[in-house]
Amino acid sequence: MDHPEADAWDEEDGYRRLVQALKYCVLVHDARTKDILWANRAACDLLGFTVDELRPLKAPDMSGNARQYRRETGVAWLQRAAEHGTSATEWCYRSRSGEEILTEAIAIRVDLPSRAVVMVQFRDIAEEKAVRRDLFRTEGRLRAFLPNLAEGIVVLDDDARVSYASESAGKLLGTDAAALTGSDLAARCRGGSAAELRRAVAAARAGAPPQHARYRMAAGDAAVKWFAATCQRIDIESDLRGALLLFHDITDRVREEEEHRRDLQHLNHLARENAMGDMAMAIAHELSQPLAAASNFVAGARGRLAAAGGADRESVLWGLDHASRQIERASRIIAGLRSYVVRLEQSEQLTDLNAIVEDCAYFFRLRAGQRGAEVALKLSAEPLPVRCEAVLIGQVVLNLAFNAVDEVAGLPPAERRVEITTRRAGEHGELRVRDHGPGLAGIPRDRIFDGVFTSKENGSGIGLALSHRIITRHGGRISADDHESRGAVFSFALPLAAE
C-alpha cells in the first residue's frame, strides 16, 4: 500500500538528516492511526529492520511478549502523547531476531505542516537496569552489613575531625554515628594515643603506607578501651577525602597480654627462687667442708698453743695458715654465688647451649655424688648458638638433670646412670636427659608438664611445669618419652640463632 503522507515526510530532508545523526533511536508514528511512518538509522540497527519493513508492523510484531507490552497498552501510551504533548514509559521492543530489548522511551507530539505525528525516542537500558539492580543489591547488603561490623570505619580530616563515621564506629565508641561525625577523635584518646593518632593522620596525608597502631580511647561515659587501627589515605570524589581509620576493639586481648606479662614475671620469680634453692643446697654442702676444716685447724692450733705454752710456734702457725686457706675457699664460694645471683638478672642473650650445660655440670654432678649416681656428658662437637635467658634455660637443665638423678637413686649402684647429650636437630639445638629408671609407662604424656605430675614422694611437679613454660616462651619445645630400651628421656629443643 502506498503512503503519500510518508512521501511527504521523506521530503523533509533537512530534518531527516538531523534525526539520522542521532544516537538515540527514533520512531515516527502517525498521531491518529499510530502507524509507523519512519525510523532513523539507530532504530533500524537496534531492531534489525529496514524502514520499509517497519512501516507495516504493529505492536504485537515488535514488542515483548509480557502482558504489560500488549498492543492496547502501547496505543494508549502513544495516545497520551498525542493528547497531552508527551508521555514516557519503559517499553520492551522485540528485534527481528526475537531478542527482547528493554528501553526507556518518551513519546512527543510534533505538529508538522502536513499532519500531526508522535515521535518516539528510545534507548536500550537493559545493561543499565542490570547495573542499577546490582547497585541496589549491593547498597542493601551494605546497609545490612555495616551496622553489624565488628570493625569501625571513620574518615578524618587533617585535624583528626570525623567527616564520616559508620554505625559500627559509633557503637564501638559508645555513641552513634551522627554524634561522632564532626567531633575531634583525638580528644577521645588517652595517654599518648592522641599524639600517635595525629602522627598517623599526618602520615596518611603525606601518602605514606598504611599505619598500624593501638589507641586507647574513651568509649562511653566512663569506659576506656583499647583499639587496634589501620590508618591510610582515602580520596573518593570530593566528599570523602582524608585519613581512613579502620579500628576494632582489642581491650580483652590487651588485658590478656598484661596478665601474660605478669604471669611471665611470676614465672621468672619462681624460676629464680628454684635456682636460689639449688644454689643454697650446693653452697651449704660446699661451705660445710672448708668451715669445718677451718674450725678444726683453729681448735688444733689453740690446743697446741695451750700445751706447748708458746713453744710450738711453727705448729700453731701451720694450723692457722690452713684455717686461713679454708676461710679463703669459703669466700671464693660466696663470691661465686654472688656472681651467679647477678647473672639471674641478665636479659636474653646469644649463648652456646653447650656452655649452659657445662655451667650447670658442677651442680648436677654434686647432686649425683650425693645419690651415688654417675652423670655422663656427651656434648655436641659443634657450637649450638641459641638466643635465650641463659639462667632460665640453665634452670631447665638442672630440673631435668636433678629429676633424672633422683629417679635412679633407688636403683642398684651399677644402674645409677644418667646421660646428658646435646646435638643439632635441623634448625634447633637439642638437649636430651636419659635415665635408666622405670620409665613413663602408664603416665599420660599430656599431664607431665601441667604442674600435677611428679614421681617423687615429696615432689610438687612445679619444676616440670616451669620448665615447659620457660622453653615454650623461648619458642622451643619440650617432651618426655620412654627410651627404647629402658628408662625415660626428657628433652627440649631451642631455635638456633645466627651467630
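Helix α10 covers residues 193-205, and its end C-alpha atoms sit 18 Å apart, which agrees with the 18 Å its 13 residues should span at 1.5 Å a residue. Keep in mind that this is a predicted model. Which residues of α10 are buried? They are S193, A194, L197, A200, V201, A203 and A204. Those buried residues pack against β6, β8, β9 and β10 (240-249). The helix lies across these four strands, β6, β8, β9 and β10, and runs at about 140° to β8. Just after α10 comes G207, with a positive phi of about 85°.

Now for the sheet under that helix. The sheet is open, has 5 strands in the order β7-β6-β10-β9-β8, and pairs them antiparallel. β7 and β8 stand at the edges with a single partner strand each, so one side of each has no neighbour in the sheet. From one strand to the next, the twist averages 35°. As background, strands of a sheet pair through backbone hydrogen bonds, either parallel or antiparallel.

Two of the pairings are worth a look. β6 and β10 are antiparallel and share 5 bridges; V155 has L244 in β10 as its bridge partner. β8 (residues 211-218) and β9 (residues 224-236) also run antiparallel, joined by 8 bridges. Here H212 stands opposite T230 in β9. The hairpin of β8 and β9 has 5 residues between the strands, and G220 in this hairpin takes a positive phi near 110°.

A160 is another residue other than glycine with a positive phi, near 65°. Here are the positive-phi residues mentioned so far:

| Residue | Phi | Where |
|---|---|---|
| G207 | about 85° | just after α10 |
| G220 | near 110° | hairpin of β8 and β9 |

Are K34 and A160 buried or exposed? K34 counts as buried because its relative accessibility is 11%, with the cut-off for buried at under 20%. A160 is buried too, with a relative accessible area of 1%.

Helix α14 (residues 390-408) has 19 residues and reaches 27 Å from its first C-alpha to its last, close to the 27 Å expected at 1.5 Å a residue. Is α14 mostly covered or mostly open? Mostly covered: 15 of its 19 residues are buried. Helix α13 (residues 353-371) packs against α14 at an angle of about 30°, and their axes are 9 Å apart. That angle makes α13 roughly parallel to α14, because angles under 35 degrees count that way. The contact uses L353, I356, C360, F363, F364, R367, A368 and R371 from α13. From α14 come A390, I393, G394, V397, L398, A401, F402, V405 and D406. The crossing of the two helices, α13 and α14, is right-handed.

L320 is partly exposed, at 42% relative accessible area. L320 and A294 are 26 residues apart in sequence, and their C-alpha atoms are 8.3 Å apart in space.

Technical notes
Residues numbered from 1 in each chain as written. Predicted model: local features only at pLDDT ≥ 70, side-chain atom pairs only at ≥ 80, totals over all residues. Heavy atoms only, no water. Buried < 20%, exposed > 50% of the residue type's maximum accessible area, 1.4 Å probe, protein only. Expected span 1.5 Å × (residues − 1). Pairing = 2+ DSSP bridges. Contact = heavy atoms within 4.5 Å. Axes fitted to C-alpha atoms, helices over the stretch in contact; angles between N-to-C directions. Parallel < 35°, antiparallel > 145°, perpendicular 65-115°, else oblique. Left-handed = near helix turned anticlockwise from the far one by under 90°.
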